[in-house]
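Here are my notes on the model you sent over.

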Amino acid sequence: MTKTALTFLQIILFIAVSPFLSGLITKIKNNVRMRKGQSIWQPYFNLLKLFSKQEVVSGTASWIFRAAPFIALASCLAASALIPVFIFVSPLQRMGDLLALIFIFALGRFFMALAALDTGSSFGGMGASREMFISSLAEPGLCLAIFAISLQFGSTSILAFSASHAVSISSVLAAAALFLVTLAETSRIPVDNQETHLELTMVHEAMLLEYSGRSLALIELSSYIKQMILFFLIAQVVFPIGMPGAALAPISLWFLWYLARILIIAVVVALVEVSLAKMRLFRVADFLGFAFVLGIIAVVCAMLGV
Amino acid sequence: MDRAGLISVIKSKLPDFNPISAAQGFPDEFSIKVSPEAFKDTCLVLHKHLGSPVMMLFALDQRKETGNFVINAVFADFRESRWVIVSMDIRQENPCFETLAKSMHSALLFEREIWEMFGIEPKGSPDLRRLNLHDEVWPRGNYPLRKDFQKMAAGNTGEYNFARVEGEGVFEVPVGPVHAGIIGPGHFRFSVAGEPIINLEARLGFTHRGVEKLFENKSYDQAACLSECVCGDAVFSHSLAFARAIEKISCARIPLQADLLRGIFLELERMHNHVHDIGGIAIDVGFSYPHAYASIIKESLLQLNERLCASRYLKKVNLPGGVLTDMDDEKKELLRVSLKKMKHDFNALVKILYTSVSFMDRVDGTGVLRRKTAEDLGVTGLAGRASGIPEDLRKYFPGVYKEAKFKIAVEGSGDVLARLRIRISEFLESCRLIEEFSAMLVKDSRSKVDLELREGSALGYAEGWRGPVLYWVKTGPGGRLQRCKIVDPSFHNWQGLCFSVLGNIIPDFPLCNKSFDLSYSGNDL
């Protein structure tokens, strides 16, 4: 019973904390650019605003357009329930492993791409085709990084993954591959640019151009959660630490350590974003190809035991 | 080449050439009046001989005075530092002329404009679609620049036919006129196969305000104010071109002090726009740090402008007859100190850009406009120089620039990087020029003369930051304006943009667009 309650608590915490990460990244970026910038809480204000706004839906859109935001959010929430934050024995542990995580994300993305095509706007089509192009290149890298980690633990189970372990060459390479993939998956520079107003250069944003109001809020929230999960994966590989017991006191400590590690990743992402220009679209293949190669080397290293 | 020289060149190409009149109206203006039959051939000979696209081609309505429409074509004769204006009369009973566009592409847009504004048909033109008066709003048969035009009622009478590319896997992507950012309205129709662009057609005219009509019947000081509003980011170059036209008509001798001050302000305008675009190119590839850096430099330039002349965008500085703002020692010192600091900051900015691999990878080889294409389209100014056309009015009509030893910036590759490099070297050159000009200023010297109003017509010009801004002005009794034809460099260069993106991928379009940074309001008028 406590475990079920903790699982729900975990999902709620993901919802509550994940917008903060984006706010933090934006704040750091603005400060580096010698600007005061928006409040660190701005993503929360945006969500509140969007939830209270009316929605405009194209007359040609079908049920897919309306359903997609819910599916996207549901898939991210399901993924967040799989991640062990508080609990070392998740009630959902038999529901999925690390590989399931990849497919759960893919489900949300698939419906977002369908919804983007649904309205028939030219930007939706462009955005969907680019997003699929990028994710088809990102997924192999992500898979290999996860294989490398799984090989070290002898299991694809998330619980094995969150056990304490020493940092090896293989895990560093896997973390690097994960980091590159995360930049692509969270639509950040050098792959995509969240801040742009240039509709022709957008990837992820172009898919969302037709969304407004509550649906947009759901989509934004789901991408915040997805970002936090990906950051968690990197953090867990680079700064490994074992799960605490079921007692509540170490759990809260562990949660703080968990947050701190994610914040470090956020700072690195922010610094990467201000110091690079966005790549030409077709260069993304090279970039993610590099992540793929890192993943392969990580797998080989894991098999060699280094 | 003297005046007879040009005529004899035309005669050698056209044996039966017999101009109605030929005169050196002003030292830098040579007018030839020909019969309608000889107009086309004369223009083509000049086009070939001078190597100049048609810089202006426009009509004026003289039906009340002579019963005719007049058409003028302006060519640049850079070797002789003068403009050659060919004109012809067209009977009002049969308003048409033979198209030039088939042999000289740069005339095409002008002819479309003449057709929609005056109802004078360019016979045989390959393209008679309207430019600014969109069929969706304005019914055909109304010609606003005719003198007897009153007003027209709006009504949907048709739609625009875009050039179509058909074939398997070819899609059309319509973009605009409403964009996701706060930018001017323009519609872009891409034909793409996947991401690469096969064809791009820009449809503009959404900010058409009837500027040329507004100039009519204005006194010259009213019109001077209006000229500052034609294009918001090139206030000074537009007002300067207009003022020079008026000064030529009234044969005024402008004091050296005014010319020097004008040089300073013209370069200040160039500087803040160039640095803005350099930052813009960076942010369009998502490189936000240099953009923030460039914004700071731009803002300090605007604040400098404000402290020098109480206007951030240099309004109310220029006036036909001279300059209203003077520079005392305090301002000169302010200018010197600010420029020194800005040059330092600017060099740091350039270093950030040139040392960033990810940035250089984006701009190098993107959006190439080849020289031949640029020449055929009549691309001018900055974009032309980036494609290797060594034309700059500051070089060929130097005035005070001669003493300041102006050095023209030319690149050959025609890509985004070339346009960026031109901006960078022009910014630094502008800094140097301002220092030279300000050293030449004489204390407490007159910077303004009173004008004597006359009837006449003249061409005014200035090398704005985008390129040559041209004003052809005709005044009537009492010095009131009868016709004012404006050509902003954007007018030709939009076409250049459409050609430069071919073969590039759609996500690179905003970058190419920013590297040209053309004006909507200057084009739509």
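1. Before the cavities, a quick word on terms: a cavity here is a set of grid points where a 1.4 Å probe fits but cannot get out, and a residue counts as lining when it has an atom within 4 Å of a point. Keep in mind that this is a predicted model.

2. Searching the whole structure turns up eleven cavities of 30 Å³ or more. The second largest cavity has a volume of about 70 Å³. Its lining draws on A:Arg130, A:Thr201, A:Val203, A:Lys278, A:Met279, A:Arg280 and A:Leu281, along with B:Asp284, B:Arg362, B:Pro507 and B:Asp508. Sorted by class, that lining has six charged, four nonpolar and one polar residue.

3. The largest cavity comes to about 100 Å³. Among the residues that line the largest cavity are A:Arg109, A:Glu131, A:Glu185, A:Asp192 and A:His204. Helix 5 (122-153) and helix 7 of chain A each supply at least two lining residues, and helix 5 of chain A gives the most, with four.

4. Besides lining the largest cavity, A:Glu185 forms a salt bridge with A:Lys226, with the closest N and O atoms 3.0 Å apart. This pair links distant parts of the chain, 41 residues apart: A:Lys226 sits in helix 9 (residues 213-238) of chain A and A:Glu185 in helix 7 (residues 169-185) of chain A. Are the two partners buried or exposed? Both A:Lys226 and A:Glu185 are buried.

5. Now the salt bridge across chains. A:Arg283 pairs with B:Asp361, the closest N and O atoms being 2.5 Å apart. A:Arg283 is in the loop between helix 10 (248-275) and helix 11 (284-304) of chain A, while B:Asp361 belongs to helix 11 (residues 357-363) of chain B. A:Arg283 is partly exposed, at 35% relative accessible area, and B:Asp361 is partly exposed too, at 25%.

6. Within chain B, B:Lys341 and B:Asp345 meet in a salt bridge (3.1 Å, N to O). The two are four residues apart in helix 10 (residues 329-354) of chain B, so about one helical turn separates them. B:Lys341 is exposed, with a relative accessible area of 55%, whereas B:Asp345 is buried at 16%.

7. One network of salt bridges links B:Glu267, B:Arg270, B:Arg385, B:Asp392, B:Arg394, B:Glu426 and B:Glu463.

8. Next, the second largest pocket, with a volume of about 800 Å³. Of the 28 residues that line this pocket, the closest to its centre are B:Asp28, B:Arg244, B:Asp259, B:Gly399 and B:Tyr461. Where does the pocket lie relative to domain 1 (3-123) and domain 2 (211-441 + 455-524) of chain B? Both domains give residues to the lining, so the pocket lies between them. Strand 13 of chain B gives the most, with five residues. By class, the lining has 15 nonpolar, four polar and nine charged residues.

9. Last, helix 2 (residues 36-50) of chain B. Its 15 residues reach 21 Å from first C-alpha to last, close to the 21 Å expected. Its buried residues include B:Phe39, B:Lys40, B:Leu44 and B:Leu50. Just after helix 2 of chain B, B:Gly51 takes a positive phi of about 65°.

Terms used. Residues numbered from 1 in each chain as written. Chains lettered and ligands numbered in written order. Predicted model: local features only at pLDDT ≥ 70, side-chain atom pairs only at ≥ 80, totals over all residues. Heavy atoms only, no water. Expected span 1.5 Å × (residues − 1). Buried < 20%, exposed > 50% of the residue type's maximum accessible area, 1.4 Å probe, protein only. 1 Å grid on protein atoms, 1.4 Å probe; cavity = no way out; pocket = protein on both sides within 12 Å on 5 of 7 lines; lining within 4 Å. Points joined across faces, edges and corners; volume = space filled by probe spheres on them. Nonpolar A, V, L, I, M, F, W, Y, C, P; charged D, E, K, R; others polar. Domains from an automatic or database assignment. Salt bridge = Lys/Arg side-chain N within 4 Å of Asp/Glu carboxyl O.
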